[in-house]
Amino acid sequence: MKWRELGLLAVVIVLCVACTMKDRNFIDPHNIDSILLWMPLLLTAAIGQFPVIVIRGIDISIGSIIGLSAIAVGVLLKSHPDLGVPMLFAIGATIGLILGILNGALITYAKIPAVVTTIGTLTLFRGLTYMVCGGDQIDASLVPDRLTVLAHSGITVREVTVSWLLIFALLLGIITALLARFSQFFGNVFAYGSNPSAAYLRGISPNKVQMACYALSGLTGGIAGVMFLSRFGNASPASAGSGFELLVIASVAIGGVKITGGSGSTLGVVLGCALLAVINVALVVLKVPADYQTLVYGLTILIALLIDALSRGVKKQGAAA
Amino acid sequence: MKRPEWIPAILSIAVFALFWYLSKDFRDIPYLISNTTILAETGLMAIGMTLIIIAGNIDLSVGSILVLTACLMPKLAGHASAPVAILIAVLLGAVMGGINGIIITKAKLPSFLVTLATMAIYRGIAKAMLQADSAEVAPNVKGLDRLSLLGMPYPLVIFLVFALVIGLVLHRKVLGRWLFGIGTNSEAARYAGFPVDRATITAFAVSGALIGIAAFCMDSRLGVARPDMAPGIELQAITIVVAGGTAISGGKGTMVGTLLSWLLMYFVTTGMGVMNIKAEYQLTIIGLILIVSVFGQQVATSIASHRLPKPTKLSTKP
């Protein structure tokens with residue numbers, strides 16, 4: 001735990017206490033359920049975005065990857081209604097992986113900057129989503145109960161349910177945290193992120209690192225797409241995952257992953273997601289109209305960036321003195 | 001590739017010929033001229049974006065600046081006369097663009113992240129302010145798109161005039177030299193004594209002011225402003241600039257390229273419109289054009305860098 005994580009935890013707690021004082025219902029089990037229900041999708045996608053931001057990249061197309069994966073799996077369920085849940089997740093993950101590899105190839109081999117590539121594929125994948133389903137919605141009748149049940153049941157402790165989806169997402173988080181500490185791959189990611197040319201001189205292939213990061217982001221986006229189906233029970237090609245890129249990038253930026261590259265922790269990302277989930281539910285409890293959501297997400301990203309810039313300035317002054 | 005503007009020029013002729021051949025509705029010159037009112041607004045945004053991208057930055061928030069200005073202008077201007085309304089729109093846009101520039105330069109943050117945040121903030125303010133409502137535009141500023149000058153609708157004239165003026169500033173004035181220098185190597189520009197921060201902020205503010213004019217044109221055309229207008233318009237503006245040969249890495253580009261590329265985009269969107277292609281697919285095709293045109297540029301530069309200069313003949317005479 002470093003200062004950033006402790007600070008985040010403090011903000012989450014203060015926000016919860018403040019909301020409870022404002023409205024006793026905030027610590028209602030039902031309300032905590034909805035906070036916890038909110039997290040898995042975001043956390044899964046944010047875990048993939050984390051290494052991408054570490055290497056100073058960005059994946060804006062993540063919302064469309066989630067949408068395409070959700071719709072494609074839904075369309076597949078139309079013709080094969082008895083596919084098993086692990087199979088559905090595997091298919092979603094594969095779709096996401098392919099899209100991520102496409103992003104990675106454009107960025108690495110065609111040398112198109114990440115912002116331009118992913119803002120292009122954001123609309124490209126959205127268009128593919130329409131093509132896959134022919135503009136039709138995926139109705140609730142198509143999504144089997146064995147998938148939706150994952151979002152609404154799990155381990156229940158004193159009326160509060162931690163859904164299987166969240167457990168799955170947290171497991172992914174733990175795996176990522178372990179990999180971030182011990183694996184060669186994440187070592188290369190951090191080295192490349194803090195100084196690409198030094199990493200190259202040390203024998204780290206920049207192409208492989210970039211490719212892998214975007215592929216990973218696509219993979220987690222694909223998994224999040226299946227989670228989307230599970231959580232909402234339906235999906236429309238226009239709205240599934242649309243605008244989600246903001247939330248994902250916000251949670252990673254709040255989580256203290258430095259946008260100047262080379263640093264960040266998985267715990268920070270998890271706490272960033274938790275903070276956004278609490279904020280989101282707090283808006284509802286405090287009866288703030290839904291129209292304020294976009295503004296709040298934008299402000300959280302900007303504040304996180306400014307804190308980053310400020311701490312950088314402080315460090316520089318400290319080094320000079 | 002010494003003059004990348006040839007690519008959009010040739011492509012626009014090809015696309016024009018293609019749709020002329022494909023669709024009867026496209027073979028209507030008065031319609032083609034009058035229909036420019038919508039894309040002229042995007043064109044105004046592309047002019048400012050050219051400055052920003054040449055200086056090595058990007059602005060993802062242009063669509064949100066457009067929408068927030070379009071929503072605020074009728075509220076603030078009320079029933080004031082058209083010049084006052086234009087002034088308010090220009091100021092609003094310039095302030096929003098300037099805020100982007102100030103945060104990017106003073107906090108030393110990458111432009112794509114800052115403008116991603118302000119993209120949400122500006123549109124978020126518009127949404128929070130109007131909610132499900134819309135802003136009614138005063139009748140005395142409506143209908144600019146139906147007036148014409150020299151046979152061209154007013155928005156098109158405004159777009160062309162600003163393209164000329166900003167183009168001259170970019171290619172003939174010191175501000176332009178600064179922007180090219182910053183885009184090529186901002187550290188070197190700083191050591192050479194260029195006012196890097198001031199020039200960058202100016203580029204963002206000028207872009208914002210032009211978006212303010214675009215917002216006025218849009219309000220005047222539609223008569224009403226809603227916070228969910230113009231989705232994906234930033235993609236279109238960036239695509240126009242990049243397909244016009246402006247290097248996304250900065251330091252290279254021309255206003256002529258942006259103009260020709262605007263013409264290409266105009267033929268593509270109008271052609272898709274008369275062919276009844278759905279809006280969601282239109283945006284997809286624009287995204288594809290963006291990726292393909294950057295890819296084409298990269299290929300062209302890599303070919304150019306592999307081609308060795310001709311060996312100069314060494315003189316054997318003493």
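A: Gladly! Keep in mind that this is a predicted model.

Q: How many cavities of 30 Å³ or more does a search of the whole structure find?

A: Rolling a probe the size of a water molecule over the atoms shows where empty space is left. Here the search of the whole structure turns up 2 cavities of 30 Å³ or more.

Q: Which residues line the largest cavity?

A: Its lining is made up of Thr239(B), Ile240(B), Ala243(B), Ser261(B), Leu264(B), Met265(B), Val268(B) and Ile289(B). Two helices of chain B, H11 (233-243) and H12 (255-274), each supply at least two of the lining residues. H12(B) gives the largest share, with 4 residues. By type, the lining has 6 nonpolar residues, 2 polar and no charged.

Q: And which helix gives the largest share of the lining of the second largest cavity?

A: That is helix H4 (residues 62-77) of chain B, with 3 residues. Among the residues lining this second largest cavity are Met73(B), Pro74(B), Ala77(B) and Val141(B). The lining divides into 8 nonpolar residues, 1 polar and no charged.

Q: Now the cysteines. How many disulfides does the structure hold over all chains?

A: A disulfide is a covalent bond between the sulfur atoms of two cysteines. Over all chains, this structure holds 0 disulfides. Take Cys273(A), which is in no disulfide: the nearest cysteine sulfur, in Cys16(A), is 15 Å away. Cys273(A) counts as buried, because its relative accessibility is 0%. In chain B, the closest cysteine sulfur to that of Cys217(B) belongs to Cys71(B), and the 16 Å between them is too far for a bond. Cys217(B) is buried too, with a relative accessible area of 3%.

Q: Last, helices. How far apart are the end C-alpha atoms of helix H2 (residues 29-54) of chain A?

A: An α-helix has 3.6 residues a turn, so residues three or four places apart point the same way. In H2(A), the end C-alpha atoms are 36 Å apart, which agrees with the 38 Å that its 26 residues should span at 1.5 Å a residue. H2(A) also has a kink of about 30°, centred on Pro40(A).

Q: Why is H2(A) described as largely enclosed by the rest of the structure?

A: Because 21 of its 26 residues are buried. Just after H2(A), look for Arg56(A), which takes a positive phi of about 65°.

Conventions. Residues are numbered from 1 along each chain as its sequence is written. Chains are lettered from A and ligands numbered from 1 in the order in which they are written. This is a predicted model: local features need pLDDT of at least 70, side-chain atom pairs count only at pLDDT 80 or more; totals for chains, interfaces and linings use all residues. Side-chain values use heavy atoms; hydrogens and water are left out. On a 1 Å grid over the protein atoms alone, a cavity is a set of points where a 1.4 Å probe fits but cannot get out, and a pocket is an open set with protein on both sides within 12 Å along at least five of seven lines; lining residues have an atom within 4 Å of a point. Grid points are joined across faces, edges and corners, and a volume is the space filled by probe spheres set on the points. Ala, Val, Leu, Ile, Met, Phe, Trp, Tyr, Cys and Pro count as nonpolar, Asp, Glu, Lys and Arg as charged, and the others, Gly among them, as polar. A disulfide is a pair of cysteine sulfur atoms within 2.5 Å. Buried means under 20% relative accessible area, exposed over 50%, partly exposed in between (1.4 Å probe, protein chains only). The expected span of a helix is 1.5 Å times one less than its number of residues. The bend at a residue is the angle between axes fitted to the seven residues ending there and the seven starting there.
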